[in-house]
Amino acid sequence: MSESQNNNCSSLKPEERNLTPEILISESDEKFFQSLYDFIEYEKQYLQCPAEGADEQRYMIYCSVFNKVIGRATAYKRLLVTIKAEYDDVISTLRRREGVARAAQRKLEAATSRSTSVMTCRRQAAELKERISVLQKETSALQEETERRRFFKKQTALIPGLTLAESEDVHVLDRHVQRLEVETLSLMDRRSCCISVEIKAELDGELQAAQRQRDHLRTENHRLNFLFLSLLVSSQWDQAALHAVRSPHGILRSSDVMQTLQLAKACPGSAPPPLVFFRALLVSVPPGGRLSAALSLHGVRCALQQGSTPLVSHAVAHRKLTFSEALGDALTEHAQNQPHVADVCLALATIIYEACGANRKSSLSMCKRGLVHGASEFMTRCNFTPEDCMWVLSRSPSLSLLQLLTEPCQGRAAILSVGVACSSLLVDPQQQQLALQLLDGFFSHGVLQEVMLEDGRSSVELWADVASLCSDRDRRPEPGPAGSPPHGARLPVKPRLPQQQERSSETRNSPDCCQATRAAAIIIIIITITIITIITIIIIIITIIIIIIAVVIIAVIIITIITTIIIIIIIIIIWNELSQC
């Protein structure tokens, strides 16, 4: 718009504005124009437009108002747009002319004041050169001061964690650097354990989903427990057991439920609820799946108590139970209490022990079933130690097993040493007869001496202890009245009465004492022969060594004499040659 139009629009009086509603079509138009007047007044006050004269901001306000009027108009919209375009063209032309006039004025002013400007620039250049020299001097002084302060700061700065004296010690500084390097590595390790914000947000989302799933399962668990308790209260034991088996996610498939069902009384003619629960659990186990260890143990105990051994055999054969050592112990205990199913229970226990790695108990179960050769092969295959073998023998004494363990097999040394076995068995009063039977067997076949010589893991002292134990057993008195020495103790040496001599002769004439005496005598003789043989071999070796040393000494002496004679002859020949010269 032109300046006159701006002034006219800005100088509208209230009475002139009041005349406008007479030509308005509707009340909405009146509100619209009133909002335009309010907008103009508010913008002029906000932009602080001058009351008179040309102003760019006032032009922008009225231009915006005109655009709003054009936007609201319908019939005269094209005419208003054309009018606005003409106004804009006129204003643009005026602005362009004004800019050209200002440029020409600036060129004129520049042309008239060039000479003055040159003089002013020369004067300013001289002032600037002088100012630059002053600034250069000040800069040099400031740089020197900065360097001095920096050097002073380096000399007086303290390292955190160190005193001034420690800061000047090279060794202390080296240790401090090493400690800082360790702390740096520790921080880097901790940094590697951290995760990004994106991963943390993802994990938080997963955690929230898991928490919602937990809340849902908790609600479902409460509902199933309530239903289960309702069935128990109404004495519907079978339905309660089946409901527990069919519970989702195995919520009620636990050993606690089985213990609860064990307290229930079965109806006449029906299976006990725990057995129904265990049988249903076995049926519901998917291929390759197994019941938990606790549930397997409680279920097997319940089945054994109810005499359902075939059910346990089926579960073990199809690997539907979690094998544990406690499960094998339960089967072994049941075999001891119920001899008519002992063989089946021990066979199942052997399978479970072997699967759990309880090789001792597995071989013991084989021995209890009479599978001595199988137990011996199993012990050989599992590389049993002598302690393991003695553990099995102490719980299942067997001469056949002892013979198999002390015999070499396929070029390999025997698992158990004869001397170690006999010394361990003779100490135990309940196992002495087993050791004597083994020694008597070797003696009856005439191989006792050979066995002792081939037993490299038994020393002479160990065999001497075996002989001593056999002798002690020979002199063991019968149990006497109160105050007499305990069974197996040595009596003090006293003159024997006729009754004591008769009792002693009866004791010595018993088969066990004869075996012990004979074995002890043979062992002592063999030990004596062995010691004499070893001493003879040592003497022969020493004699041979002495003879070799004497021969070497004689040879050295002869070589020395011959060398001396040759040196003397050479010296005489050289001396004669020199005399002739």
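User: Why is S398 called buried?

Analyst: The model is predicted. S398 has a relative accessible area of 15%, and buried means under 20%, so S398 is classed as buried.

User: Where is S398 found, and what does S398 touch?

Analyst: S398 is found in the loop between α19 (386-395) and α20 (399-405). Not counting residues up to four places away in sequence, S398 touches V372, L393 and L434; a contact here is a pair of heavy atoms within 4.5 Å.

User: Which residues touch the most other members of the largest nonpolar core?

Analyst: They are M379, V392, L401, L402, L405 and L416, in a core of 37 residues. Helix α22 (residues 432-444) gives the most to this core, with six residues. A second, separate core has 34 residues, including L291, V300, V341 and A342.

User: What is M379 in contact with?

Analyst: Leaving aside neighbours within four places in sequence, M379 is in contact with S363, F384, C389, V392, L401, L405 and I415.

User: Why is I553 called partly exposed?

Analyst: The relative accessible area of I553 is 46%. Buried means under 20% and exposed over 50%, with partly exposed in between; I553 therefore counts as partly exposed. I553 is found in helix α26 (residues 511-580).

User: What makes the nonpolar surface patch that includes I553?

Analyst: The patch of about 900 Å² is made by I537, I541, I545, I549, I553, I557, I561, I565, I569 and I573. A patch residue needs over 30% relative accessible area, and I553 has 46%.

Conventions. Residues numbered from 1 in each chain as written. Predicted model: local features only at pLDDT ≥ 70, side-chain atom pairs only at ≥ 80, totals over all residues. Heavy atoms only, no water. Helix = DSSP H or I, 4+ residues; strand = E, 2+ residues; numbered from the N terminus. Buried < 20%, exposed > 50% of the residue type's maximum accessible area, 1.4 Å probe, protein only. Core = buried A, V, L, I, M, F, W, Y, C linked by side-chain atoms within 4.5 Å. Patch = residues over 30% accessible without salt bridge, like charges linked within 9 Å, V, L, I, M, F, W, Y side chains within 5 Å. Areas by Shrake-Rupley, 256 points an atom, 1.4 Å probe, with all protein chains shown as cover. Salt bridge = Lys/Arg side-chain N within 4 Å of Asp/Glu carboxyl O.
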